[in-house]
Structure formats: C-alpha cells, structure tokens
Amino acid sequence: MATSTIFFLLLLTRMAAVAAFDVPTTPFSEGFSHLFGNDNLIRSKDDRSVRLSLNRYSGSGFISSELYEHGFFSASIKLPRDYTAGVVVAFYTSNGDIFPNTHDELDFEFLGNVRGKDWRIQTNVYGNGSTARGREERYLVPFDPTEAAHRYSILWTPDYIIFYIDDVAIREVVRSDAMGGDFPSKPMSVYATIWDGSSWATSYGKIKINYKYAPYVSEFSDLVLRGCRVDPIQQVDTAERCAETVEELMSADFALLTPMKRAAMRRFRERYMIYSFCYDQHRYGNFTFPDCDYVSPEHTRFGEWGDNRFPPKEVRRSRRRVRKPSPINVQSSE
C-alpha cells in the first residue's frame, strides 16, 4: 500500500470520532446565554449540552456571556439529518453588535443539502469589516456529521488563526503587515446559531429550505471558552493584561503545528477543499492576497468543482443579524 494512502487512512481514523484537546469544558449557564429563538433552544439537565432548532417561525442561537481578546473556542456539534437544503448551522466569533461597520469575524458555517448529498463546511475570516475582501473557504466532509458529534475549534492569537475539525487542522491564517486591518484584532463574542440561509447556502440559493422536514435540530456539547475576557467599554491595556493568557494559548498543544499536523492539514485541503478565495479570479481578478500561497492540487480541485464559474455575488454568504441576548428562559431536556 502506498505511503500516501496509509497516511490518508490514518487521517480518516483520527477524524472518525471526536478527538478532544486537553481543555476544560464550560457549563452553558457559566459561559453563555440565550440569544434568540424562544423555545427553540433546549438545554440539557446537566447544563453540558444545548439543542438549537429551526422551524418555519424562527431559528435559534446562543452567545458567550463575555467578550474575548484572543482565545481557543470549541464545540462538539451534531448536525440535522435528512433533507437540510437551505439550513445553516454556525459556530463563530464576532463583534458586529459593537462595531457594525468595522466588525471582525471567524466562522465555521455548516451548509445543508438535499437528501443523499453531503453537508459542506465553510470557514470565513473577516477583519475590520473586510467582507468585500472575504476570505472564505469551503470543504467537503470525510465523515457523516449527522451520525455523531465532531469537535470544531477556532484558535485566535495575535499572530495566527487555526481552524480544527477534531484534532486535524484544516486552515491556518498567519498575520502579516500586508494584511493590515484584515486580520481580526478587536474583542469578540462567541456565537452558535441555526437559521434559514435559503438565499445562498445550497447550490448558491437555487435549492431552498423545505419546512416539511422541520424542525431541524443541531446539538452542541463540550463547549470550550479559553481566552482573555475583556470589558467592551473599559478596554484599557488589554494587550498587557492579556499577555499571560496569550502566552499560555500559544504554548498549548493545539497552537503547535508539528510537521505531522501540517502534513495532515495539507492532505485534508488537497482532498476536500472545493473553494478558496485565493483562486477566485471572478471576484478578485489577478489580485494576490498576502496570506495566500499557491498550491497546485488546491487550485486544480477548485477548477474541478466549478465554484469559480459563479458570479461573485453568489459565492458570498448572506450577513447574519447580530441580536441582543433574549430574556426568555430556556427549557431543559430530559
């Protein structure tokens, strides 16, 4: 058996079940609050997991109780089954409620599909309102995300960002002077939501949600909030105050990309990435992003999937409204 094949089988084995980093999880009531959706958010009795549902009346979501200046944010997520076209489940950080015109954002977005077709995952990086220069990527998933929960994690440091599925890094963004304000730098909250993205999520909006299959239910557990909490009003000397926390973050195992981890990331991207802003000439012409490296297998796969044949407006995602936390009490599941 070829070495590359053995390596790839090992990668799939690692992603077959949730592989947790050695980080403490946070009970819902100690780190989060209800964002929107009335009774569409149901908390478990042990306060360790949450169900978010979408029906024809509303989606639902929750938000961290604090803002964070850098951190490691993670959740084990199980996605809705069956027909899910138009459904979007999201786990992300944002400060759009505080900086509506210059917001920062880091996303995992899970895009539903028709029965028999796979979910797709999209990651986004926006800094200082740079949605017009959106740094989006899309991937296929090498497992069924509706059968069991998998862990999705975002590491955000002053120097780099890493997206993880289980313990496999799938994307790294390294800060450079050339990126300027496009690298997220302001304190952000952590969000989880489910909502109707019919205008763009499945086949670029050609296939809409069908509420005959509602409610669509996603499950979140193993919630992790590890970062430097900051006051959104009194942001005095946050860099100095957060220095120790950032140092701890950058020395943790999830912040160190060993040669083996980088090889796994490269293999994942070559096999499963189907869209990258780096190769999108429809949107950006010959403009070269400072954080892009040309990788021939990635570019070839981009062309094979044809995502570069869609007009720019169809590639971009719709903007979610940022809402204030809901005062409505949540229910508890059995």
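These legends describe close-up views of a predicted model. Local features are taken at pLDDT of at least 70 and side-chain atom pairs at pLDDT 80 or more, whereas totals for chains, interfaces and linings use all residues. Residues are numbered from 1 along each chain as its sequence is written, and side-chain values use heavy atoms, with hydrogens and water left out.

View A. Ala192 belongs to strand S13, residues 189-196 (strands are DSSP E runs of at least two residues, helices H or I runs of at least four, numbered from the N terminus). Its relative accessibility is 0%, so Ala192 counts as buried (under 20% relative accessible area; exposed is over 50%, partly exposed in between, with a 1.4 Å probe and protein chains only). Beyond four places in sequence, Ala192 touches residues including Leu52, Phe62, Phe91 and Phe220 (contact means heavy atoms within 4.5 Å).

**View B. The disulfide of Cys228 and Cys242.** The sulfur atoms of Cys228 and Cys242 are 2.0 Å apart (a disulfide is a pair of cysteine sulfur atoms within 2.5 Å), and the link is left-handed, with -75° about the S-S bond. Cys228 lies in strand S14 and Cys242 in the loop between helix H3 and helix H4, 14 residues apart, and both cysteines are buried.

**View C. The disulfide of Cys278 and Cys292.** Cys278 is joined to Cys292 with an S to S distance of 2.0 Å, and this link is left-handed at -80° about the S-S bond. Cys278 is partly exposed, with a relative accessible area of 23%, whereas Cys292 is buried at 15%.
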